[in-house]
Structures are given as C-alpha cells and as structure tokens.
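I opened this entry to record what I looked up in the model. The notes follow the order in which I consulted it.

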Amino acid sequence: MSYNSKEIKPNRFRETIGRFYDDFEVGHIYEHRPGRTITETDIVMHAMHSGDFYPHHVDAEFAKKGPFGQRIAQFSCTFSIGIALTASIVNKRAFTYGFERLRFPNPVFIGDTIHTKVTIKEKKDDPKSCLLYTSDAAD
C-alpha cells in the first residue's frame, strides 16, 4: 500500500492511504504486489452474490468437457478482485473513468494468481478529479 502523511498541525501528522490526483503523472505505471490467488471459494461466493451459476464456473464435471478443460472464474469476480488490488493507488481521492472498456482476453482458473498493473493514460480537468487509466493483468 502507498502510505502518505499530511501535516495537520505543527509537528502533528495524519497518515493516509493512497495517492491524491496531483500525485499522478501521465505515463506512470503502478504494479501491485502481492497478487491475489483465485480460489474455489471466490468463485462460489461470487456466484452466490451475483447469481452467475453458469456451469462453466461452478460445475467441475461440466467444465471438464468445455473449451478450457476446467472451471473458470466469472469475469466480474476477476474484475472485482483486480480492482481491489488497485485500491491502495487509485482510490476515492483520484476518481476514475473507463471501466466500460474492460477486456478479459484470457480465462482465470482456480489457483491462478492475478496481479494488476495500472498505467496513467491521461489526466483531465474535471470537478471529480478524473484519471483515465488502464489496468492490465500483469505476470
């Protein structure tokens, strides 16, 4: 996590987590470590929360006969965990747009560890202090 502190009174500091909009520069890349290993529990709990009980996620026997040979995580599960990994960098102080351009080029399996890499693409003058960034799975 990125810890910062701000002086609030002489010789008194308040610790904060994350970065402010002004801390970001276009072209900077933030890689998030450690990653997060996807578990069967993640997939089952996400199915319960989202209602996405399609058999290629929750039925091992069905998934064995499918194109990937095993169960795959729901894209929304992968997204939510991936976004959580970026929370220490891109947070409520640096609002983001661009999630409508998400792509999931590869399946994520039980036991896979995902990492995220955030690239700051542009900054815009916006009342919400907007960042446009891309977040990619990193190795």
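Is R71 buried or exposed? I found R71 buried, because its relative accessibility is 16%; buried means under 20% relative accessible area, exposed over 50%, and partly exposed in between (1.4 Å probe, protein chains only).

**Basis.** I note that this is a predicted model, in which local features need pLDDT of at least 70 and side-chain atom pairs count only at pLDDT 80 or more, while totals for chains, interfaces and linings use all residues. Residues are numbered from 1 along each chain as its sequence is written, and side-chain values use heavy atoms, with hydrogens and water left out.

**Overall layout.** I looked up the elements of the chain and found four helices and six strands; helices (H or I, at least four residues) and strands (E, at least two) are DSSP runs, numbered from the N terminus. Their order from the N terminus is β-β-β-α-α-α-α-β-β-β. Of the 139 residues in the chain, 32% are buried. I then checked contacts (heavy atoms within 4.5 Å). Among those in the chain with a separation of 6 or more, 64% join residues 24 or more positions apart.

**Salt bridges.** I searched the whole structure for salt bridges, defined as a side-chain nitrogen of Lys or Arg within 4 Å of a carboxyl oxygen of Asp or Glu, and the search gave four. In one of them, the side chains of R71 and E40 meet at 2.9 Å, N to O. R71 lies in the loop between α3 and α4 and E40 in helix α1, so this pair ties together parts that are 31 residues apart in sequence. E40 is partly exposed, at 41% relative accessibility. I also recorded the salt bridge of R36 with D42, at 2.8 Å, N to O. Here R36 is partly exposed at 31% relative accessibility, whereas D42 is buried at 14%. A further salt bridge joins the side chains of E61 and K64 at 3.1 Å, N to O. Both E61 and K64 lie in helix α3, three residues apart, about one turn of the helix. An α-helix has 3.6 residues a turn, so residues three or four places apart point the same way.

**Helix α1.** I asked which residues of α1 are buried, and found D42, I43, H46 and A47. Seen down the axis of α1, these buried residues fall within an arc of 130°, so they line one face of the helix; the arc is that of the directions from the helix axis to the C-beta atoms. The buried residues of α1 pack against β3 (29-37), α2 (55-58) and α4. On the other side of α1, I found T41, M48 and H49 exposed. G51 follows α1 and has a positive phi, near 80°.

**A73 and T78.** I located A73 in the loop between α3 (60-64) and α4. A73 is buried, with a relative accessible area of 8%. Leaving aside neighbours within four places in sequence, A73 is in contact with I38, I43, H57, T78 and V108. T78 lies in helix α4 (residues 75-86) and is buried, at 11% relative accessibility. Not counting residues up to four places away in sequence, T78 touches A73, F104, V108 and I114.
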